[in-house]
Amino acid sequence: MLVAAGLLALAACSDPDPAKESAAPAGPATAPAAAPAPVKTDWVADARLALKEGRLIAPAGNNAVEIYLSVAADDPRRTAAQQALLELLSPAAGVIENTIQKAQLDEAARELGLLERMGASEITLSPLRAQLAAARKKLADEAAAKVAAEAAAAAAAAAPPPVAARPTPPVAVAPAPVPAPPASTSTPPRTEPASTRPSPPTATTPAPTPATETDRPPPTPIPAPASSGEVREARQIADAAPVYPPQAARRKLEGSVELEFTVGANGALSDIRVVRSNPPNIFDREAIRAAQRWRFSPRTEGGVPVSSKVRKTLNFRLRAS
């Protein structure tokens, strides 16, 4: 931005005023005045200060990447600015991923546009675009779920309270009637003295009726034992060795790259990213290309395949001659 401001100031100083030219008296032709020297801006110092203060790719209009982009666009021969942009690709991608995790999706989209202008490859851009799209979908799903929950709560508050069912009164069971003795028709009744008359039978309490099947309490169901689901982690079933970068081989450089990626329920890899690399930006591209050819069996929980995060380190070592 400082370079752009300097160029605008230079254009304003070199643009003549037509009104002054028409008002100037005619006279002998004179030699034109020398053009003012262009204003030089120390963009290298500005970019270094931005990096020192942590302004790699944000805030908008005041960061190191935009300074380098403005210089490279103004003069494509600025190889120093172009080289700096290449070296900042991996750190800038890490900043964008952190911005997506913070749910600052509009800022992440702006930073992703700067990463494209820096010349990042699809290997770097595709995972970030996928993460941004997934974060936007998650945010939309959460908003829809919140609206649905509020609507359900409002409907429950407006509904009348349920009417409690009245208990059924118990049914009284009448005792069985006692059959009367049969009357005799052949022998007339005999009269006996009061002292010898048998006392009338004493009324007895009827025996209680045994409980029927419906009066018994229902049996308590025995809960089925909970099935213990077996968990099996994702396992690599097809490997592919990375290509050793020619420039690293010429310089006899060795190193390692730690990758993190998602193994889907179908075993396919996605969201491949570099967690750390030593030295930075030397072996990253070949490590990602190798990972794109790997195949995994997915993680299973109780026999059901699920997605999982996996990390793997690739070591780049030169063979002894």
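**Figure 1. K312 is placed over the face of W294.** In this predicted model, K312 lies 4.2 Å from the centre of the W294 ring. W294 also forms an aromatic pair with F261, and this pair is edge-to-face. The centres of the two rings are 5.9 Å apart, with 65 degrees between the planes. F261 belongs to strand β3, whereas W294 belongs to the loop between α10 (284–291) and β5 (295–297), so the pair ties together parts that are 33 residues apart in sequence. F261 is buried, with a relative accessible area of 0%. W294 likewise counts as buried, at 1% relative accessibility.

**Figure 2. F283 and F316 form a stacked aromatic pair.** The ring centres of F283 and F316 are 4.4 Å apart, and the angle between the planes is 25 degrees. F283 is found in the loop between β4 (269–278) and α10, and F316 in strand β8; the pair thus links distant parts of the chain, 33 residues apart. Both F283 and F316 are buried. Ring pairs link these two residues and Y244 into a cluster. In total, the structure holds six aromatic pairs.

**Figure 3. E260 and R311 meet in a salt bridge between two strands.** The side chains of E260 and R311 approach to 3.0 Å, N to O. E260 counts as buried, at 13% relative accessibility, while R311 is partly exposed, with a relative accessible area of 44%. Salt bridges that share partners join E260 and R311 with E97, E258, R273 and R276 into one network.

**Figure 4. Two further salt bridges are R55 with E53 and R129 with E122.** The side chains of R55 and E53 meet at 2.8 Å, N to O. R55 counts as buried, at 15% relative accessibility, whereas E53 is partly exposed, with a relative accessible area of 49%. In the salt bridge of R129 with E122, the closest N and O atoms are 2.9 Å apart. R129 is partly exposed, at a relative accessible area of 32%, and E122 counts as partly exposed at 46%. A search of the whole structure finds 16 salt bridges.

**Figure 5. G94 and R273 are 9.1 Å apart in space, C-alpha to C-alpha.** In sequence, G94 and R273 are 179 residues apart. G94 lies in helix α6 (residues 89–101) and is partly exposed, with a relative accessible area of 38%.

**Figure 6. Three strands form an open sheet in the order β1-β6-β7.** The pairing in this sheet is antiparallel. Strands β1 (231–232) and β7 (304–306) are the edge strands, each pairing on one side only. Strand β6 (residues 299–301) is joined to β7 by three bridges. The bridge partner of T300 is P305 in β7.

Figure 7. The mean pLDDT of the protein chain is 76, and 65% of its residues reach 70 or more.

Note on methods:
Residues numbered from 1 in each chain as written. Predicted model: local features only at pLDDT ≥ 70, side-chain atom pairs only at ≥ 80, totals over all residues. Heavy atoms only, no water. Pairing = 2+ DSSP bridges. Helix = DSSP H or I, 4+ residues; strand = E, 2+ residues; numbered from the N terminus. Buried < 20%, exposed > 50% of the residue type's maximum accessible area, 1.4 Å probe, protein only. Salt bridge = Lys/Arg side-chain N within 4 Å of Asp/Glu carboxyl O. pLDDT = per-residue confidence, 0-100. Phe/Tyr/Trp six-rings, centres within 6.5 Å; stacked < 30°, edge-to-face > 60°. Lys NZ or Arg CZ within 6 Å of the ring centre and 35° of its normal.
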